[in-house]
Amino acid sequence: MQSRTLSVPAFGVRVSTPTWPVEAVVLGLILVIAAFMRLVRLSGTSGDLDEGIRGIQLLLMSAGYRPVQEIYSSQGPLLLDMLYPFYRLFGETLGAARLAVGVYSLLGILGIYGVARALGGPVGGATAALLVTLSPTYLRNSRQALAEVPALAPAILAVAAALEYQRSGRKAWLVVSGVLLGLALLIKPIVVAAVLPIALAALLGPRIGIRPVILVGLVSALVVGAIVVATGLPALMDQMVEYRLKSREASGWNLRENWRLIQASLVGREQIGLFVLAGAGALVAALVSPRRLLPYLGWAAASAGVLLFYAPLFPKHLVIAVPPAVALAGAGVGLTWQAARNQRAIGAIGALVLAGPILMYGWSLPAIANLDVGFMNLDQGTEGQRFAQSADVASTIVAVTRRDEFVITDHPYLAFLAQRLVPPELADPSASRVRARELTGDDIVTAAQKYDASVVVLWSDRLRTLRTFRSWLDSRFQAIKVYGRGGDSPRVVYVRTDHDLAQAHRSLEASIQTPTMIDFGGALRLTGFSLDRRELTRNGNVGVTYEWEAITRASVDYHVITELIGPDGQSWSDEELALGGRNVNLTEWAPGQWLFQSSTFDVAATAPAGEYVLRVGVYDSRAKTDLPITAGDTRLGSQQAPILRYEVARIVVQ
């Protein structure tokens, strides 16, 4: 295999580099590895609110609604159009949306190769591409239907194009850079840090001049302006500009809190070695070619500034700091390699500068690999465990609605799982939007009435704080199913009182495995229950569903108490669920009124093996006493003391 000589104008040296076929093979192998890490096991359930928002937005697009103009979309007007072709072609699932993000992440890796290669040659490009491929932060964002990576891909390519102009002086690269930058900003403007390295590369160029900066800026402005006009300026101002200003004001900005998040979620995941290596790479580049280094330093500094001053800042935003860091690290390694091959003294100096950081990064590789494997297996078995009830609530939504009915929910992921639409104005019910008063109780009520929504699903407390909405909900809807979750607020499914409640009852009752007639205090009756399993291992869980019915009229906040009693007589898992609290608000019981309750109980890894008893009772919060069982229990008559708990089932724990 022959080699060819590549002239690098910025250095004034001639270095021997591998032939392009070898470069292509190396880059191809890196992309194959990256694709495997990003495109496998994409159908897992994470339960992430942002992914739920993305899923329901895409479902609304399938129904004919347009982003921004009809669908609330605060990320950017181009994001959903970037994801939609993949979503449509690959089954209209959340996995299909994640596939789109994974593909764009590969373009970002290709762009990083170009950025680092512009300064560090092929070795620098390959090093940077490999570092970003292994980055846990970049990997995680590449496997979720989020906006950051799709926006980063054209932003990185825009920086690469500007650096190519700096090398070659060809203005066509400035046009390409300006177009890509405009597109990136309209996917999500958080990538605005790319403006500085592009401007610096245009300014410095082969010769210093302001006209190239004006050219790339004008091209970007034309792209942004054309798309803004086509989308609609008032809607974009409301959803992107005013929302962000109000959100920042409502959440407040705190430099210390941002710094803590950066340390914990970015430095913690990437390990300090990557950023030390980036700093060492910048030092090597400063010794070799400080002028060509400036765009890289500007990119890193601008990205850090965005993260420090962004509000509210979330872990997903931190990915914007990864590309400039790996580019600096790769450039330093590449420059050292080139100098060493040419037997220049700077090669030895670079090796000394980089040796420690490379060892530090290598030492952190096991931890990085462990994080990467975890993110490649992100599903209900890991971070999504707290959303294990989502499939059940989706089934409940399907059971009580028609395909063409709209649902109101604070967690759009549930509506997406059920393939039911939400009003397009309510596609994003995030806490930030509520705090910023961009989503009010009046907005929700108006949208619900406009689309004749008959079902409301509350999965958190963010909408319960809106008085207008809460009053409307309490006066027109009835709770039909409650999902307990320990000491946290229960999750509730409501149906409008003029809906066919009898049909809803029949649909839910079909899931009850064991009918019963257990009366508590002559007031509340357990009419049936279901278990998802009767055998489990320690560190597992068991789910139970109860069906309750009022026997008499009462104004009582009943509490359902469930206990899992181990073979040692101790309670290893329990729950007290208030049915009349502000979250469920079921205090006025009429005879025949019914309610389904689902709860999940964990068995700790330290729990003893053996036979456990799952038992349930009812507590009268007004009388401050447990209701005794008055009918249906076979133990009645065989003991004088009141029976306060019904033994639902015996469960074997191994």
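Me: Is Glu438 buried or exposed?
Reply: This is a predicted model, so the answer comes from computed values. Buried means under 20% relative accessible area. Glu438 has a relative accessible area of 9%, so Glu438 is buried.

Me: Which side chain does Glu438 meet in a salt bridge?
Reply: A salt bridge needs a side-chain nitrogen of Lys or Arg within 4 Å of a carboxyl oxygen of Asp or Glu. Here the side chain of Lys246 meets that of Glu438, at 3.0 Å from N to O.

Me: Which parts does the pair tie together?
Reply: Look up where each residue lies. Lys246 is in helix α10, and Glu438 is in the loop between α17 (431-435) and α18 (441-450). The pair therefore ties together parts that are 192 residues apart in sequence. Lys246 is partly exposed, with a relative accessible area of 34%.

Me: How many salt bridges does a search of the whole structure find?
Reply: The search finds 25. Another pair is Asp498 with Arg496, at 2.6 Å from N to O. Asp498 counts as exposed, at 58% relative accessibility. Arg496 is buried, at 17%.

Me: Which residues do salt bridges that share partners join into one network?
Reply: Start with one pair. Arg645 forms a salt bridge with Asp626, and their closest N and O atoms are 3.6 Å apart. Arg645 sits in the loop between β18 (629-631) and β19 (646-653), while Asp626 sits in strand β17 (residues 625-627). The two are 19 residues apart. Arg645 counts as buried at 15% relative accessibility, and Asp626 is partly exposed at 23%. Shared partners then join Glu563, Arg615, Asp626 and Arg645 into one network.

Me: Which residues make the nonpolar surface patch of about 350 Å²?
Reply: Leu233, Met237, Val241 and Leu245 make the patch. Take Met237 as an example. Met237 lies in helix α10 (residues 233-251). At 34% relative accessibility, Met237 counts as partly exposed.

Me: What describes two packed helices?
Reply: Use the angle between their axes and the distance between the axes. The crossing of α4 past α13 is right-handed.

Me: Where is Pro67?
Reply: Pro67 is in the loop between α2 (49-62) and α3 (79-89). Pro67 has a relative accessible area of 3%, so Pro67 is buried. Now compare sequence with space. Pro67 and Pro189 are 122 residues apart along the chain, and their C-alpha atoms are separated by 16 Å.

Note on methods. Residues numbered from 1 in each chain as written. Predicted model: local features only at pLDDT ≥ 70, side-chain atom pairs only at ≥ 80, totals over all residues. Heavy atoms only, no water. Patch = residues over 30% accessible without salt bridge, like charges linked within 9 Å, V, L, I, M, F, W, Y side chains within 5 Å. Areas by Shrake-Rupley, 256 points an atom, 1.4 Å probe, with all protein chains shown as cover. Helix = DSSP H or I, 4+ residues; strand = E, 2+ residues; numbered from the N terminus. Buried < 20%, exposed > 50% of the residue type's maximum accessible area, 1.4 Å probe, protein only. Left-handed = near helix turned anticlockwise from the far one by under 90°.
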